[in-house]
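Please look through the sequence and the structure shown below. The report that follows goes through the sheets, the helix contacts and the confidence of the model.

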Amino acid sequence: MSPRATDPGAPVRTLAFVESPVQLLNVLEWAHVHGVRGADPGPPSVPPQVRRSMADGPPPGAELTVVVLSPTDPMTRGQLRRMADLARDEGFRVRWEEARGGPVAPFHTIGGLTGPLRRADRIVMGDPFSRYVQLLLTITRARDLVVVDDGTATMEFVAQLARGERLVRWHRKGGRPGPRDLLFAPVSAAARRRLTPGDRRRVEVFSSMPVTETPAGVTVTANDFGWTRSRFGPPRITKGADMVGTSLVETGVVDGDRYQEAVRDLAKTHGATRYFAHRRESADKLHRLAAETGLEIVRPDLPLELIARRGPIGRTVLSFPSTVVHTLPLALAGTGVRVAVCDIDPDWLTETASPRAQGFLSGVTGTARDVHRLAAVSPA
């Protein structure tokens with residue numbers, strides 16, 4: 001992707017929109033692969049907190065501005081603030097938007113971003129399913145669009161784009177559209193058209209996920225977590241096993257009682273001692289897990305890829321089908337850590353789960369590389 005034709009020597013003005021810590025991590029990985037520069041954050045003698053404050057303004061020479069469309073969830077906000085500090089340390093500008101801070105917040109956010117959106121040459125986004133992002137896409141004139149990983153949803157996005165389908169999250173697919181879906185349908189359709197490459201628009205997907213259906217004209221770039229490996233670790237490896245939590249209960253896909261039983265039996269079988277909670281897991285569910293399993297519940301302050309790379313981390317990491325079965329083997333390459341994934345038993349699914357849930361989750365597991373596949377445990 002090239003600088004503006006009108007000024008070949010000028011840097012490409014890139015605007016990235018993120019709503020989760022993983023999205024921001026993958027924006028940094030994308031910038032690392034493509035050599036996108038940040039401003040000089042100052043000499044090593046300058047304390048990091050001072051360098052960050054220097055980078056809060058428009059740093060001269062920075063080619064990337066990260067816009068955080070902040071959610072309301074405290075855990076997500078905390079991780080995003082930590083990731084924002086890392087982005088500032090790389091010399092990138094971070095613009096924090098309280099995008100959901102009340103009924104008028106979206107109007108203030110969109111109004112304040114209209115100018116930068118129209119001036120941007122390239123838009124990077126972490127969640128093309130986001131209604132916020134889809135609305136912003138209707139404003140921009142950028143010819144280069146980049147989608148970075150937002151977990152396993154990236155697999156579904158690419159497949160839907162290839163088939164020309166409307167953009168719907170996998171765990172909602174198969175259900176009837178609600179009133180808000182119908183009201184937003186024209187914006188969603190316009191966003192899908194903008195994400196379709198053509199003579200005047202280039203589209204890139206930057207992903208560590210397996211992409212089996214590549215839309216015509218879309219460039220797919222592999223994310224191997226080179227930035228993460230260059231900045232953190234190698235970690236100290238412990239003898240035991242760690243477990244990785246999932247939000248499948250919170251999204252209504254897996255029954256809560258069945259999940260509790262599966263975690264208990266899996267931890268007992270493999271000797272797991274720690275449970276790394278997903279940022280969207282509820283406090284009540286985690287309290288119950290700790291009481292019934294004896295696992296130490298860990299609330300990470302950064303994406304798990306960075307936590308694992310910093311260490312300490314168990315020699316075996318147990319997970320259910322999720323993004324980490326694809327990303328952890330890359331982030332932990334060469335460390336000797338084994339990632340093991342446990343399939344979801346069809347009996348664990350809720351009555352309201354999408355008809356596609358079982359097939360999608362099986363595909364997440366089946367396409368993962370460098371992982372050990374475990375049969376689904378059978379809770380008593």
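Thr238 has Gly314, in strand 11, as its bridge partner. In this predicted model, strand 8 (residues 237-244) and strand 11 (residues 313-319) run parallel and are joined by six bridges. Both strands belong to an open sheet of six strands, whose order is 10-9-8-11-12-13 and whose pairing is parallel. The edges of this sheet are strand 10 and strand 13 (372-374); each has a single partner strand, so one side of each has no neighbour in the sheet. On average, neighbouring strands here are turned by 30° against each other, direction ignored. Helix 12 (residues 324-331) lies across strand 8, strand 11 and strand 12 (338-342), and runs at about 175° to strand 12.

The model also has an open sheet of seven strands, again with parallel pairing, in the order 3-2-1-4-5-6-7. Which strands stand at the edges of this sheet? They are strand 3 (93-97) and strand 7 (218-222), each with a single partner strand, so one side of each is left without a neighbour in the sheet. Neighbouring strands of this sheet are turned against each other by 20° on average, direction ignored. Within the sheet, strand 5 (residues 144-148) and strand 6 (residues 202-207) run parallel and are joined by five bridges. Val147 stands opposite Val205 of strand 6. Helix 4 (residues 105-119) lies across strand 1 (14-18), strand 2 (64-69), strand 3 and strand 4 (122-125), and its direction is at about 150° to strand 3.

Next come the helix pairs. Two packed helices are described by the angle between their axes and the distance between the axes. The table lists these values for two pairs.

| Helix pair | Angle between axes | Distance between axes |
|---|---|---|
| Helix 1 (residues 21-34) and helix 3 (residues 74-89) | about 15° | 8 Å |
| Helix 9 (residues 256-270) and helix 10 (residues 283-293) | about 40° | 10 Å |

Helix 9 is oblique to helix 10 because of that angle of about 40°. Their crossing is right-handed. In the contact, helix 9 contributes Asp257, Tyr259, Gln260, Val263 and Arg264, while helix 10 contributes Lys285, Arg288, Leu289, Glu292 and Thr293. How many residues of this contact are nonpolar, polar and charged? Three are nonpolar, two are polar and five are charged.

Helix 1 and helix 3, at an angle of about 15°, are therefore roughly parallel to each other. Helix 1 passes helix 3 in a left-handed crossing. Pro21, Leu24, Leu25 and Leu28 of helix 1 meet Thr76, Gln79, Leu80, Met83, Ala84, Leu86 and Ala87 of helix 3. The residues of this contact divide into nine nonpolar and two polar, with no charged ones.

The last topic is confidence. The protein chain has an average pLDDT of 84, and 85% of the residues score at least 70. Where in the chain is confidence lowest, and where is it highest? Confidence is lowest in helix 2 (residues 48-55), with a mean of 42, and highest in strand 10 (residues 296-298), at 97. Over residues 1-8 the pLDDT stays under 50, and the model has 18 contacts beyond four places in sequence for them. Residues 43-61 also have a pLDDT below 50, and this stretch has 23 contacts in the model beyond near neighbours in sequence. Where pLDDT is low, the predicted coordinates should not be read in detail.

Technical notes. Residues are numbered from 1 along each chain as its sequence is written. This is a predicted model: local features need pLDDT of at least 70, side-chain atom pairs count only at pLDDT 80 or more; totals for chains, interfaces and linings use all residues. Side-chain values use heavy atoms; hydrogens and water are left out. Axes are lines fitted to C-alpha atoms, for helices over the stretch in contact, and angles run from 0 to 180 degrees between N-to-C directions. Helices (H or I, at least four residues) and strands (E, at least two) are DSSP runs, numbered from the N terminus. Angles under 35 degrees count as roughly parallel, over 145 as roughly antiparallel, 65 to 115 as roughly perpendicular and the rest as oblique. A crossing is left-handed if the near helix is turned anticlockwise from the far one by less than a right angle, and right-handed if clockwise. Contact means heavy atoms within 4.5 Å. Ala, Val, Leu, Ile, Met, Phe, Trp, Tyr, Cys and Pro count as nonpolar, Asp, Glu, Lys and Arg as charged, and the others, Gly among them, as polar. pLDDT is the predictor's confidence in each residue, from 0 to 100. Two strands pair if DSSP finds at least two bridges between them.
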